[in-house]
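This briefing covers one structure. Sequence and model come first, and grouped notes follow.

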Amino acid sequence: MNTDDTFYDYLAGRLSPDEQKAWSRRLAEDSKLREEANELKVIYDAFVFDFEREMKSRMKMWEKQSAHRVDTRLYKNRWVWLGLVGVFIGVMLIFWMVNRPTAAEEPQWIAYYQPTLSGITRSVDVHVSEAYRRFVESTVADDYAAIRDALANIDDQDKNFNTAHSLYLDKLIEDKKYEDARDQAHAFMQDASLNEFTRSHAHWTYALMLMANDELDLAVDQLNQIAQSTESPYAQKATKLLASIKQ
Amino acid sequence: MSEQSSSNDHNQKGLTTQRARGEELIEKLYRDEQLKGRIVKHLMNSGASRELAIDLYQDAVLIYWQKIQKGEENEIQSPGSYLFGIAKFAWYNQYRKNAPYAVESLDGIEEGVESQVYEYFDRQSKRDVFDRVLDLIGDRCKHMLKAMAQGFNNDEIAIMTGLTKPGVLRKERYRCLERIRKRIHEDADLLHQIKSTLFN
């Protein structure tokens, strides 16, 4: 057997290309040496394999240790994250406590009523008072006694005070109670607690209801007043109506 | 006796220190979390499970280490890319060789990777034969030959084994290998297995 170091370098694959060529030539020429080299290569590779196996087993152990460390870190992080979530919820709660709507602003009832005849679009606020809620419920239920009672109980500071009066007139018209609508509109025209717009609406309704009750002369007088008013939002409508009446 | 014991202690210490050198590179490579993360993620994106991706990374580190042991580090332009190439090639050739798009995905792999990967997996497939060969070897010889296979030079192995006198290491190595060869030849079944599996 060869004791030459280059022979072992050949086994380890550590020869230079020239040395490798020389050894390959020798092995090709010498069958005994070739057999010896092949057997020694197996022995050498067995040790390389053994070392690789040992190192792979060690890497698996490092991997387990590393996974354990990661788990520990995650465990710690989990509490950090839980803490952060807790702080976030706390901040949101404080924010809500400070900014939550006051009792007066809190929605108590949801009321919805849309008049169909007046041609005036109105929206009914969802945040309504108890009196206004009763007014809307009575209106939907066609309970006139309750409507009048509820209307009388709506405070003039209620944000739906004027809306309720206008809706009441529309309701009377919708139900073809033209005389009642006329009288009620007349009363509202002179009610100083109502705002300018609602009183204008009452004027317009009054004029229409006079016509509906065949009181044409009085209706024309009223329409003339509205048409001449620079404040009334119904002035244009009144002018057009007068023109068609004259025709 | 006491002198001999002290010498053994010294050798053991020396051995531990020297062995650490062989393993140091592997540990350093393996503990490069950034590189490992990048390669494992790539393999997982290619369809490998996390366990298989980590296993392949471990194989790649060992293949890379073999390359270094052979003194071929100059052929490696970038250790990261080379390791990446090994892992990628090992994945496609060991587990996805039949995939129709496997070849297209192997662009950019450095030269020499293929033969390294084949050599490594070929060695792994001969586990049974190697285990039988290793069983034939006594501890003293195993110690010396293992150091040789790990790429230590003669001087280092001499320190590890305590065979520091000139020529003694060579003679001992010769004796060990001869003894193993003799035992292989005495075991007809093993000899047949070696010849049929390794040299066909």
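Which residue forms a salt bridge with R182(A)? R182(A) pairs with D183(A), the closest N and O atoms being 3.1 Å apart. A salt bridge here is a side-chain nitrogen of Lys or Arg within 4 Å of a carboxyl oxygen of Asp or Glu.

This is a predicted model, in which local features need pLDDT of at least 70, side-chain atom pairs count only at pLDDT 80 or more, and totals for chains, interfaces and linings use all residues. Residues are numbered from 1 along each chain as its sequence is written, chains are lettered from A and ligands numbered from 1 in the order in which they are written, and side-chain values use heavy atoms, with hydrogens and water left out.

**Interface of chains A and B**

- Chain B and chain A bury about 4,200 Å² between them. Buried area is the accessible area (1.4 Å probe) that two parts lose on being put together, summed over both.
- Carbon and sulfur atoms account for 63% of that buried area.
- The contact draws 53 residues from chain B and 35 residues from chain A. Contact means heavy atoms within 4.5 Å.
- Between the two chains there are 10 salt bridges.
- There are also 13 residue pairs in polar contact between them, both residues at pLDDT 80 or more. A polar contact is a pair of N or O atoms within 3.5 Å; within protein, one must be able to donate a hydrogen and the other to accept it, and residues adjacent in sequence count only if both atoms are side-chain atoms.
- On the chain B side, the elements giving two or more residues are α1 (2-30), α2 (33-45), α3 (50-69), α5 (113-125), α6 (127-135), α7, α9 and α10 (188-198). Helices are DSSP runs (H or I, at least four residues), numbered from the N terminus.
- The largest share of that side, 10 residues, comes from α3(B).

**Residues at the interface**

- K146(B) forms a salt bridge with E54(A), their closest N and O atoms 2.7 Å apart.
- A network of salt bridges links D50(A), R53(A), E54(A), R58(A), D131(B) and K146(B).
- E52(A) lies in helix α3 (residues 31-99) of chain A.
- E52(A) is buried, with a relative accessible area of 1%. Buried means under 20% relative accessible area, exposed over 50%, and partly exposed in between (1.4 Å probe, protein chains only).
- Leaving aside neighbours within four places in sequence, E52(A) is in contact with L62(B), Q66(B), Y120(B), R123(B) and Q124(B).

**Salt bridges within chain A**

- Over all chains, the structure holds 31 salt bridges.
- R133(A) forms a salt bridge with E130(A), with closest N and O atoms 2.7 Å apart. The two are three residues apart in helix α4 (residues 130-140) of chain A, so about one helical turn separates them.
- R133(A) also forms a salt bridge with E137(A), at 2.6 Å between the closest N and O atoms. This pair is four residues apart in α4 of chain A, again about one helical turn.
- An α-helix has 3.6 residues a turn, so residues three or four places apart point the same way.
- R133(A) is buried at 11% relative accessible area. E130(A) is partly exposed at 34%, and E137(A) is partly exposed at 45%.
- In the R182(A) pair, R182(A) counts as buried because its relative accessibility is 17%. D183(A) counts as partly exposed at 42%.

**Disulfide in chain B**

- The count comes to one disulfide over all chains. A disulfide is a pair of cysteine sulfur atoms within 2.5 Å.
- C141(B) and C176(B) form it, their sulfur atoms 2.0 Å apart.
- The link is left-handed, with -85° about the S-S bond.
- C141(B) lies in α7 (residues 139-149) and C176(B) in α9 (residues 168-186) of chain B, so the pair ties together parts 35 residues apart in sequence.
- Both cysteines, C141(B) and C176(B), are buried.

**Helix α8 of chain A**

- Helix α8 (residues 196-212) of chain A has 17 residues and should span 24 Å at 1.5 Å a residue. The expected span is 1.5 Å times one less than the number of residues.
- Its end C-alpha atoms are 24 Å apart, which agrees.
- Buried residues of α8(A) include R199(A), H201(A), W204(A), Y206(A) and M209(A).
- Their cover includes α6 (161-174), α7 (178-189), α9 (216-228) and α10 (235-246) of chain A.
- Just after α8(A), D214(A) takes a positive phi of about 60°.
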